[in-house]
Amino acid sequence: MVLVHTNRIPSASQHQNTGLRQDILRRCFFGRIDAFVIENRQGDGWTAVRKNVPKYLLDNHLGGKTTVGTYPVSTAGQTQWLCFDVDDKGEMARGFLLWLHDWFTQKRMTFLLEDTGGRGYHGWALFLCWIEAGKAMALASLALTDYVGKAGALPCPVEVFPKQAKPADLGNPVRLPWGRHRFGKWSHFLSLDFEPDDENAIRLIQQSREAIVSDVDAILPQAVGNKVEKPLLVQPAERWAEAIPEGKRHNILLSLAGELKAKAFSPEQILTELKMHNVQRCSPPLPDKEVEEIAKAIAVKAIKGSGKQPESVKKHLLARFPGLVDIVVNDGSVKYLTLNEEGQAAVIAEIDRQVAAFTPPTKEHLPFSLPRAKEVLSYISSDDEHGLFADLVAYFHKAAQLPSEMHYLMISWWVLHTYLYERFIYSPMLALVGMPERGKTRLGRAMISVSYRGLETETLRESNLFRWSQDLGATIFLDVKDIWRKAEREKSEDILLKRYEKGGKVGRVLYPEKGPFRDTVYFDIYGPTIIASNESIHHILDTRCLPVILPDAGQKVWPDLDFTGSLALKERLVAFRARHMANALPDYPKPPLGRLGDILQPLGIMMRLVSPEEEQTFQELTRLLWLERLEEKAQSKEARLLLALDQSSGASDRVAVGEVAKAYNEGLEPRRQLSPESIGRRLRTLGFKGVKQPGGIRAIIAEQQLLATLKLRWGLDLQEDTPEYPQKTAQTAQPPPQLQPYVQAMVGGSLGSSDGKPPSFDNVQADNLGGMGTSLGGCGGELPSSEQIQTGSLGGSAGSGDGAVVDYFLPDGTPVICQEMIRRWQKLDKPQIKVKPGKTVVDLESFLSGDVDLEYLALVVQSLNRKVEAQIDQSKIHQILGMSIEQAIDVWAKAGKPVINLGPGEDCFGLEKLLSHSDILPRHLLAIRGWLSEHHYTVKEGDPIPVY
């Protein structure tokens, strides 16, 4: 009588004796009372819990909410039962269980049959008292030996519990009766006709006598005594499921073959048994060739007198090597997808080296999903980069609300770079920052599901990070509340800080007994990283990150992420890797922004590879990231220190450190103040030289050009007393070398030209004012002659005359014509120009007539350029819509201002606001045109419909 699994819910009578069943489970079936296991309903095994079983958990077990398992051997090395696990429901399996029932009944022991609700049965030999686990195992071995002696080989796979004579930590658990299998069926005790009969089983347990130790000793042969003998065949199958799942088939069949060999099975018998298990239990079955290789390997290993396994069958696990595209699934087994010498993709089972052969790890050893080889091979020739990039952007639109459309492009470029990260010197970290419930974890999981070998973790233990980086080359998503504080606790700050740079290694002394040099191991920790944190990122780590500050998405309902559907996208990305891992990549000049330029270059290369039409968007993204970083730096200690030095410096270029410290500490809490010694050290770190004045007073040489450069780098305003730089002409205009990279980044269009070359300071056109193209150019777009160009003083007034007179040269050498700037400003209805927080130009004429700060002038030119471009874009919008913006808004308002669907997961709630954006997407405009055409506006025949 054993638990039978049916699809129905337990009856009322079953629930009426719940207390009785709980008592039976605790009294007769539990082994260890200080530990138990819970079945994971997703089919990935069991979870061990080291505590006493609470009452409510058995209620949940009997109610089908949770399935509980027990460890059969107590801490004292005793057990109350034997369990024969039969993974077959055929007639021969039933006959075997009935034979065991008769055998134990003749020995005056209780034997119950149970349907587990899965693919087989349990046979329970109940002692109803505690006996030594070793004697119980010897008793099981005796029963199986008697069966083989009378009936021949076992008719089906059999697994016997307990498996350990001693507790040995926890051992192997068994599912308790009266539970609900993960397949959905209930377990029941059975009659000898294999019909559900729980009530009779309960009566039998209550009426049965205890099997005392003397009874067991009398049954066992005298020669056995306390000696532990393993059962004739302990089936080495998957311990917690009736079937052998994909990813574990090879190892489990290999283990089974080893045990069969130990029982003196011949090679032919082993192969026959393996094929039977493969067909009946493996899902899906392995190819016959692989099963034959397993049997052959065991036969070779067991050659008597060999002393060791032959070199030909030595295998080592390897997940990274040159030429490897990725680890894939092919015909149900894990294989390598590689590029041969001709650059063509090939699927292989192993690679041979001079000393050994290497095979891929199995699925359970890989913490990320594996692409399918067949699909990847088809995508290599059929997919294209533009379509892949567009689908990747659309995928992320369904995942989270990001600050702007540029950020969707940025994270898509970032994911693409993970598939070629070995080819870059730097891999930018992505920092997902925001208040709780902003979608950081959701976005991180969406990214990691399509990134190269992506895995999610909350641990920062260095041992894990070492293995994931060096052995797997994984993309790691660290989802931690406070990343830096946890890194400090785990002492893994150095690992985090070096992951972004190729060649970064971390050394650990692992073998001190080996002496110098041999005692240290260096780990490669370079790889792509995503960080999600509720707290702000530490400023040192932040310099290696590209921030994504997630906004509030309001009441928008996001669809459930289909991570299984992302597998196809990942397979296309693996094909993308195969196409480009050995080919030359486009060139993209590194933006001259220090470390920010370093980490942006890989994304720039990806941009030119998959979406070169987004070059201007990428430059705008670069500019915004740089300005955001300047804002942060302006609040730093270094920025306050530079302001203090500037405030303290007077006529003399030597400033006492004490005066700088006084200015720095003014208004600060005592705990935040710095000593003069610390101030001096920090200033020397910034590049200022220290001197000793008469009387032993320490001073700093406040070199004004260095101070101006550093203030610009830290996002600070240049003061009026900043020395003027030499005036320049169009032929010789060059900013000071220190200022070139930084002001260059502030001026629109100077981050990189369309041909990938940085702008030349020696070839400046008078009609290209501040990177504004012809929108602010003088002379009707014609280039003035060198004689027409007159250099105005840095503080002079706007030039006059009919010719194009250059009034200023920006620090990068770009000429500015104030007259043309004013004309265009007036044409735009004299808008206010916000150049930075707290600084707005209300009257451009007044601004240009006074002493002009070149930094502000560059920002004014840039802002004015945007407004001109936006004005130009309005005409394009009119053309696409087939009507003016005002007409479209009027139609929308008369319709009651409905929500307009712009695409999957995209809706327009405010048409007026959307059409006011200069960077509105063409596909959004086409969606609006379609809405107008369908509901309120008829597109005339012949109206232009642009194609994008």
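Buried means under 20% relative accessible area, exposed means over 50%, and partly exposed covers what lies in between. The exercises below apply to a predicted model.

**Exercise 1.** Determine which class of accessibility Lys 363 falls into, and describe the salt bridge in which its side chain takes part.

*Solution.* Start from the relative accessibility of Lys 363, which is 28%, so that this residue counts as partly exposed. Next, look for its partner: the side chains of Lys 363 and Glu 246 meet in a salt bridge, with 3.2 Å from N to O. Glu 246, at 30% relative accessibility, likewise counts as partly exposed.

**Exercise 2.** Classify both partners of the salt bridge between Lys 590 and Asp 598 as buried, partly exposed or exposed.

*Solution.* The side chains of the two residues meet at 3.0 Å, N to O. Lys 590 has a relative accessibility of 40% and therefore counts as partly exposed. Asp 598, with a relative accessible area of 14%, falls under the 20% limit and is therefore buried.

**Exercise 3.** Explain how Lys 894 and Asp 890 are placed in their helix, and classify each of them by accessibility.

*Solution.* Both residues belong to helix H30 (residues 885–894), and because they are 4 residues apart there, about one helical turn separates them. Lys 894, at 70% relative accessibility, counts as exposed, whereas Asp 890, at 37%, counts as partly exposed. Elsewhere, salt bridges that share partners join Arg 372, Glu 375 and Glu 571 into one network, and a search of the whole structure finds 27 salt bridges.

**Exercise 4.** Work out the strand order of the sheet that contains S18, and state which helix lies across strands of this sheet.

*Solution.* The order is S19-S20-S23-S18-S24, an open sheet of 5 strands with parallel pairing. The edge strands, each pairing on one side only, are S19 (454–457) and S24 (545–549). Neighbouring strands of this sheet are turned against each other by 20° on average, direction ignored. Within the sheet, S20 (residues 475–479) pairs with S23 (residues 529–533) over 4 bridges, and Asp 479 stands opposite Ala 532 in S23. Helix H13 (residues 405–418) lies across S18 (429–433), S20, S23 and S24, and runs at about 140° to S24.

Definitions and conventions:
Residues are numbered from 1 along each chain as its sequence is written. This is a predicted model: local features need pLDDT of at least 70, side-chain atom pairs count only at pLDDT 80 or more; totals for chains, interfaces and linings use all residues. Side-chain values use heavy atoms; hydrogens and water are left out. Two strands pair if DSSP finds at least two bridges between them. Helices (H or I, at least four residues) and strands (E, at least two) are DSSP runs, numbered from the N terminus. Axes are lines fitted to C-alpha atoms, for helices over the stretch in contact, and angles run from 0 to 180 degrees between N-to-C directions. Contact means heavy atoms within 4.5 Å. A salt bridge is a side-chain nitrogen of Lys or Arg within 4 Å of a carboxyl oxygen of Asp or Glu. Buried means under 20% relative accessible area, exposed over 50%, partly exposed in between (1.4 Å probe, protein chains only).
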